[in-house]
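Hi everyone, thanks for making time this morning.

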Amino acid sequence: MSDDHYPPRLIAMLEVLWGEGFLSPGGPEEVARVIGGHDLTGKTVLDIGCGAGGIAVALVQRHGAGYVTGIDVEDPVLARAREVVAAAGLGARIGLAKVAPGPLPFPPGTFDVVFSKDSIVHIPDKHSLMAEAFRVLKPGGRFLASDWLIGTDEISPLMADYIAAEGLDFGMATPERYLQAMAAAGFEAGTTTSRNSWYRQRAREELARLTGDLGAAAARIVGQDFVDHNVGIWRRMIPVLDSGEHCPTHLSARKPG
């Protein structure tokens, strides 16, 4: 039995829901919103938790990144990412590597940008994470990310039920804890921008699709039982989005030049 959080069946279902190469919502458009007005042209980018490769492809194709290094901890997502990158013909500009949890295996000042989309939730120690992001950035480099945050350190029974249903090792933290970790690492101009209102609506649309034609199409790939299990997760997620306890958020900070 695999211990992977993202086995091939889950990857396939999430790609049906969110698009080829994407394991979190919003696709290339949400990647663009995370980047905001920052110019990535020719930049070296570290993509932490690269998942199934869609993010790295978007960073190169849509934002002109010079070279993207995508890292993840699981073999199934990296295998899928290699397929997505190869299909896009971007093997010369995107490198993918399996990296164990802990310190990043890169020298100080390696990257212009550290990027992450909805994956650092799996890293409980936000201070160590931010310290490592700071270390591998060049002076003046940017940390740009989105993540699943929590509105308060006190987890409600509804939130605990949702996390248990997901079956993932969520290391959710408040915006305040992220800002504290950024500042402690040495970052300046740290910001958090809530995306709760956007995803409250998007999650309802996703649930409608999972219980409609898209869910039927996904069931032919992954099985109806698996689709039904995920419908249950979405039904647990929406109430904690509505309460504000589940708070998808954009994060940004700068390493002093």
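Let me start with a question: which residues does Ile120 touch, not counting residues up to four places away in sequence? The list is Ile48, Lys126, Leu129, Phe143, Asp147, Tyr178 and Leu251, where contact means heavy atoms within 4.5 Å.

Before I go further, a word on what we are looking at. This is a predicted model, in which local features need pLDDT of at least 70 and side-chain atom pairs count only at pLDDT 80 or more, while totals for chains, interfaces and linings use all residues. Residues are numbered from 1 along each chain as its sequence is written, and side-chain values use heavy atoms, with hydrogens and water left out.

Back to Ile120, then. You will find Ile120 in the loop between β4 and α5; helices (H or I, at least four residues) and strands (E, at least two) are DSSP runs, numbered from the N terminus. Is Ile120 buried or exposed? Ile120 counts as buried because its relative accessibility is 0%; the cut-offs are under 20% relative accessible area for buried, over 50% for exposed, and partly exposed in between, with a 1.4 Å probe and protein chains only. Ile120 and Phe170 are 50 residues apart along the chain, and their C-alpha atoms are separated by 9.0 Å.

Asp118 sits in the loop between β4 (111–117) and α5 (126–136). Asp118 is not a glycine, yet its phi is positive, near 55°. For background, most residues other than glycine have a negative phi. Asp118 counts as buried, because its relative accessibility is 12%. Compare that with Ala189, in strand β6 (residues 188–194). Ala189 also has a positive phi of about 55° without being a glycine, but Ala189 counts as exposed, since its relative accessibility is 55%.

How many cavities of 30 Å³ or more does a search of the whole structure find? One, and the largest cavity has a volume of about 60 Å³. The definition works on a 1 Å grid over the protein atoms alone: a cavity is a set of points where a 1.4 Å probe fits but cannot get out, and lining residues have an atom within 4 Å of a point. Grid points are joined across faces, edges and corners, and the volume is the space filled by probe spheres set on the points. Among the lining residues of the largest cavity are Glu30, Lys117, Asp118, Asp147, Arg195 and His250.

Now for the cores. A nonpolar core here is a set of buried Ala, Val, Leu, Ile, Met, Phe, Trp, Tyr and Cys residues joined through side-chain atoms within 4.5 Å. The largest one has 62 residues, and Leu59, Ile94, Phe115, Tyr199 and Trp234 have the most contacts inside it. Helix α10 (residues 224–242) gives the most to this core, with nine residues. There is also a second, separate core of 27 residues, which includes Phe106, Ala133, Met182 and Ala253. As for Phe115, its contacts beyond four places in sequence include Val31, Ile48, Leu59 and Leu144.

Next, helix α4. This helix covers residues 75–87, which is 13 residues, and reaches 18 Å from its first C-alpha to its last, close to the 18 Å expected at 1.5 Å a residue; the expected span is 1.5 Å times one less than the number of residues. Its buried residues are Pro76, Val77, Leu78, Ala81, Val84 and Val85. What covers them includes α1 (8–18), α3 (54–61), β2 (67–72) and β3 (94–98). After α4 comes Gly89, with a positive phi near 70°.

Last stop: Arg204, in helix α8 (residues 196–210). Arg204 is partly exposed, with a relative accessible area of 36%. Beyond its neighbours within four places in sequence, Arg204 is in contact with Ile238 and Asp242.

That's my tour, and I'm happy to take questions!

Conventions:
On a 1 Å grid over the protein atoms alone, a cavity is a set of points where a 1.4 Å probe fits but cannot get out, and a pocket is an open set with protein on both sides within 12 Å along at least five of seven lines; lining residues have an atom within 4 Å of a point.
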